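Work through the following exercises with the sequence and coordinates open. Each task is followed by a stepwise solution.

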Amino acid sequence: MSLFKLMGLAKYIPRLEPSLNTHIAVIGACFLPAMVLGLYLLFDIRSRQADPAGCRKLGLRIQSQLADQHDKRYSGTGVEHQNGAASWRVKSLWIYPIKSCRGVELNKGTVIGTGMEYDRQFCFAQLSSKFPTSLDTPQAGKAGHKWKFITQRSIAAMATIKTEVWLPDPSSPSYSRKQPNVQSGGVLVIKFPKLNNNIIPWGRFVGLLTSIAGGAEHSVQIPFNPTPEQITNNGYNTDQMEIWKDSPKSLTIASTENADEWIQELRFYLGITNHLALFRISKDDSREVYRCAPRKEELGYQSKVGFQDAYPLHILNLASVHEIGKKIARDAPPFGALNFRPNIVITGGEPYAEDSWKSIKIGEYEYYVACRTVRCLLPNVNPATGIRHESEPNKTLKTYRRIDRGDPKNACLGMQMVPAVEESKIKVGDAVEVLETGEHCYIKQ
């Protein structure tokens with residue numbers, strides 16, 4: 001079949017002598033896709049939103065601190081000790097503004113009672129129901145419907161949704177206290193690939209070319225902490241969203257139920273058939289943390305989370321990741337710390353030393369180590385491509401790391417933590433001191 005038939009253009013090409021037809025086909029194969037790609041990228045650049053006014057982008061502007069994470073010096077072998085103790089340090093810091101989407105790496109940050117500031121404040125959910133609904137369905141008919149959170153556990157492509165946080169910057173020429181972006185405490189930017197299926201008959205072909213060239217993508221700006229006026233003007237409403245056993249009242253930022261265009265495109269990109277919505281956790285309805293966490297009487301405040309699974313902070317020892325990597329099958333895809341979505345990555349000690357930690361000090365501030373992190377299948381998803389491996393690293397983890405009597409069927413890697421105070425600071429390079437060790441027993445949801 002000729003190139004023109006593949007592109008649906010054969011009917012526009014007159015019948016020519018075979019030799020001339022061949023020359024045209026070769027020319028078309030060489031130049032036509034490039035011309036279409038160039039035109040599309042030109043229109044895409046013109047359609048992109050400008051950076052949020054009055055703000056600066058949060059996060060590293062240099063190479064990732066994890067760029068050398070596979071270096072053998074982080075494997076925990078030949079660790080140098082000072083006064084009999086390992087020299088632990090913070091190597092990398094991460095927040096994930098939208099649950100299960102791509103994270104933002106920091107050089108320093110603020111830790112509040114719910115974890116890292118800006119972490120997991122938003123979450124996507126799909127409408128779970130036994131029958132379809134529409135905008136015309138009466139409220140009584142929607143009573144049996146529930147918004148349920150979604151993650152890479154079921155939709156691996158969520159790993160390719162990029163997030164950015166832009167914060168008010170008084171040094172910006174466009175800064176003003178009356179600027180909406182300033183009043184909302186900043187802006188969340190969401191980016192995801194354009195599929196281009198409806199542009200031309202061979203849109204997937206162009207979509208592939210654009211992705212190779214750097215990719216055309218949707219870019220959406222959302223108030224990070226909308227003011228009451230912005231909530232009214234933007235038509236945001238409050239609804240319950242089910243996450244594990246909790247159903248906190250959350251702010252509905254966008255929904256396919258309301259025919260918001262960008263989230264319609266995202267639903268198509270993710271391959272979701274049910275209604276899709278983006279929620280923001282409400283300050284008045286955060287989820288209280290119990291189970292293995294210290295109680296209010298001990299902390300002096302009630303520990304809460306936004307859209308984290310269970311605890312405010314997740315800390316990961318890079319040497320432990322190296323140790324799992326040594327045991328994994330040779331034909332398994334490469335993986336690293338980001339497969340496990342930590343907030344804090346540390347180095348300087350031996351593999352699995354963190355398993356028995358009960359309290360630690362990072363920089364000048366203390367943290368309670370509540371329990372081990374029980375692993376699900378999510379680390380099988382490549383954080384860069386959104387492609388899920390059928391078995392690894394979960395298979396290897398279950399072979400070596402089913403170590404907690406509270407959940408003997410599942411593997412553990414990393415630790416869950418609760419801040420000892422409601423506000424503290426943390427930065428890359430901070431020393432980590434182990435204050436107390438002891439036994440752990442995971443308590444299930």
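**Exercise 1.** In which sense do strand S6 and S7 pair, and over how many bridges?

Solution. The model is predicted: local features need pLDDT of at least 70 and side-chain atom pairs pLDDT 80 or more, while totals for chains, interfaces and linings use all residues. Residues are numbered from 1 along each chain as its sequence is written, and side-chain values use heavy atoms, without hydrogens and water.
- Step 1: S6 (residues 108-112) and S7 are antiparallel, with 2 bridges; strands are DSSP runs (E, at least two residues) numbered from the N terminus, and pairing requires at least two DSSP bridges.
- Step 2: Val-111 has Met-116 in S7 as its bridge partner.
- Step 3: The open sheet has 3 strands in the order S7-S6-S23. S7 (115-116) and S23 (423-427) are the edges; each has a single partner strand, so one side of each lacks a neighbour in the sheet.

**Exercise 2.** State the strand order of the barrel.

Solution. 
- Step 1: The order is S8-S9-S13-S14-S15, with mixed pairing.
- Step 2: S9 (residues 146-149) and S13 (residues 237-242) run parallel, joined by 2 bridges. Trp-147 is paired with Met-241 in S13.

Key
Helix = DSSP H or I, 4+ residues; strand = E, 2+ residues; numbered from the N terminus.
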